[in-house]
Every structure is written in C-alpha cells, then in structure tokens.
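Work through the exercises below with the sequence and the structure side by side. Each task is followed by a solution that goes step by step.

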Amino acid sequence: MKQLTGILLILMSMLISAQEKKHSDQELKQKLDSIKAEGNLLFAHENASWHSGDLIGQNKSVAGSVGTYLTYKAHDTIKTVFLNRDQSLVLAEYSFKNNQKTPVKESFRERKLNVTESGINNVRNTIIPQLSDPRYEVGAPEGFTLNVIILPMNENYKVYLIPGTSQNGLIPFGNDYLFITDKKGAILSHQKFHSRLIPAFTQMENGATITKATHSHLRTSPFISATDICTFKLYAPLTKMEEFSVYSPALGTYMTYNYKKDSLEKTKKP
C-alpha cells in the first residue's frame, strides 16, 4: 500500500508539474490570441442566434411553424436558419456581418438544407441525447439554460455548451463545456472548463455598481477560456463592466479581457 501511495504521489507531482509548465511571453501571447479568436467566433454565433431569435419571434407568419434553428459561418457571414418542425426545410434565414444586431439579408424562401446545415443538424440531433450520460456532468441550475454552438473542425465538430440566463444584473460565467465529435456526432473527447456556474453580479446589495469581475480557474484549466470571452461579450454591454480577469494558479498570473478594445493580455493584477 505504501508503495502504491508513493507511485500515486509521483504521478500527481508529474501532472502538476506538466500543468505548471512555464511559457515564454511569445508562447503565451500566441495562446491568448488563439483563445481570443475562438471567443470572438463563439460570440459571433451567439450574437446572430440572439438577434435572429428576436426577429423570428416577431414574424407571426413563420414563428408558429419553426421547430429549431442552426447558426454557422459561411465565408465572412454568420447565418442563422430556422427549420420546420420535422427539420426537413429551412423556413427563414438571417445573415449577419461584423457582429451587427441587424441582419444584412433576410430570406423566407422555403428550401432544403444545404450540406453544411445538414451536417450541423445531424450532429446536434445525435449529441444532445448523449449529454444525459452522468459521466459528462452536464446540467444547468434553475434560472439558467445551456446554449449549443457547433463549429465544423476539419472532419470533426466542436460542440460548445455555454450558459444563458434572462436574469438581470449578472454575467453567467462557468458551467461551460466543449465536446469534440466525429462527423456523425459520436463524442471523441470532452472538457469542462469550470467546476460550476460562477455568476458575476453587477451590483452590490447597497446598490453600488460593480465595474470589474474576476474569477479563478482550476489548475487543469490554466488559461482563460473562449467561453469566458463569449459570455462576457454577450452580457457586459448590458452592464457597466468593460473588462474581466481570470486568475490562473497554474501559471501564477492574471489574464484580462476588455471587450471594448477586444484586448486580451497577461496582467499582474485585475
């Protein structure tokens, strides 16, 4: 037993050492630039989904026939399409550029799904039933939802789950996941970025406004996440906050993102 305990301690030490690997300033900048780009891509998808949802809800002639929606990137455009109830036809299509709230194009011509849409829809329909498996620990507290963002990745797909809420006065960090699937939707790997939901409240009990938010990551998630950036960009414009920070115990540093500047930098303190 003592020998086994010693082996386990050595393995844990090796794991922690690997997680705390030092990065040069150049390596860290490249990593943060990559995370920021992914966060902006996630935001572009959710921004289109949010505003398309509002628009379709106002279109009484179509809204009653809608079953689900898909959002994806096509060249320099983010498209959200709404499908009929049996998911065989596209009923409405909204196209967005540069993260604008108003689409550059709308179409209500019924058509069949294209190859990209069919692939994303098949993955969505295949992965959702798998998420009830207890090993993935997927769930949302009362008052919160999980929104699905699916990104094609070569022959596979990235499936992100990020929290959403209609509650005022908070930014719902945490409770976010990434699944990698094959082209049929079978899960190849999964990652949970935070151990729980981390609501960042934007006002104190005395009514004072909070202008900055900070939370800490587990050693197993040493970097700020793309989901952090996406969530902040969605909710921060509804608050007085312009930036937030993540402290990484594994790296011994803060990483601060400012949504107005779209800047992500290593900082000594938030």
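**Exercise 1.** Find which element gives the largest share of the lining of the largest pocket, and describe that pocket.

Solution. The largest share of the lining, four residues, comes from H2, where helices (H or I, at least four residues) and strands (E, at least two) are DSSP runs, numbered from the N terminus. This is a predicted model, in which local features need pLDDT of at least 70 and side-chain atom pairs count only at pLDDT 80 or more, while totals for chains, interfaces and linings use all residues. Residues are numbered from 1 along each chain as its sequence is written, and side-chain values use heavy atoms, with hydrogens and water left out.

Next, take the volume: the largest pocket has about 340 Å³. On a 1 Å grid over the protein atoms alone, a pocket is an open set of points with protein on both sides within 12 Å along at least five of seven lines, a cavity is a set where a 1.4 Å probe fits but cannot get out, and lining residues have an atom within 4 Å of a point. Of the 16 lining residues of the largest pocket, Lys31, Ile35, Gln191, Phe193 and Ile224 are the closest to its centre. Two or more lining residues come from each of helix H2 (25-58) and strand S7 (156-165).

**Exercise 2.** Identify the element that gives the most to the lining of the second largest pocket.

Solution. Start from the volume of the second largest pocket, which is about 240 Å³. Its lining consists of Phe43, Asn47, Trp50, His51, Asn99, Lys101, Lys233, Leu234, Pro237 and Leu238. H2 and helix H5 (226-235) are the elements that give two or more residues to this lining, and H2 gives the most, with four residues.

**Exercise 3.** Locate the largest cavity and determine which elements give two or more residues to its lining.

Solution. The structure holds one cavity of 30 Å³ or more, and the largest cavity has a volume of about 80 Å³. Among the residues that line the largest cavity are His45, Tyr69, Ile120, Arg124 and Ile149. The elements that give two or more residues to this lining are H2, strand S1 (66-74), H4 and strand S6 (144-153).

**Exercise 4.** Examine H4: which of its residues are buried, and which residue caps its N-terminal end?

Solution. Helix H4 covers residues 115-130. Its buried residues (under 20% relative accessible area, with a 1.4 Å probe and protein chains only) are Glu117, Gly119, Ile120, Asn121, Val123, Arg124 and Ile127. Finally, Asn114 caps the N-terminal end of H4, with a side-chain oxygen 3.1 Å from the backbone nitrogen of Thr116.

Definitions and conventions: The expected span of a helix is 1.5 Å times one less than its number of residues. Buried means under 20% relative accessible area, exposed over 50%, partly exposed in between (1.4 Å probe, protein chains only). A polar contact is a pair of N or O atoms within 3.5 Å; within protein, one must be able to donate a hydrogen and the other to accept it, and residues adjacent in sequence count only if both atoms are side-chain atoms. Grid points are joined across faces, edges and corners, and a volume is the space filled by probe spheres set on the points.
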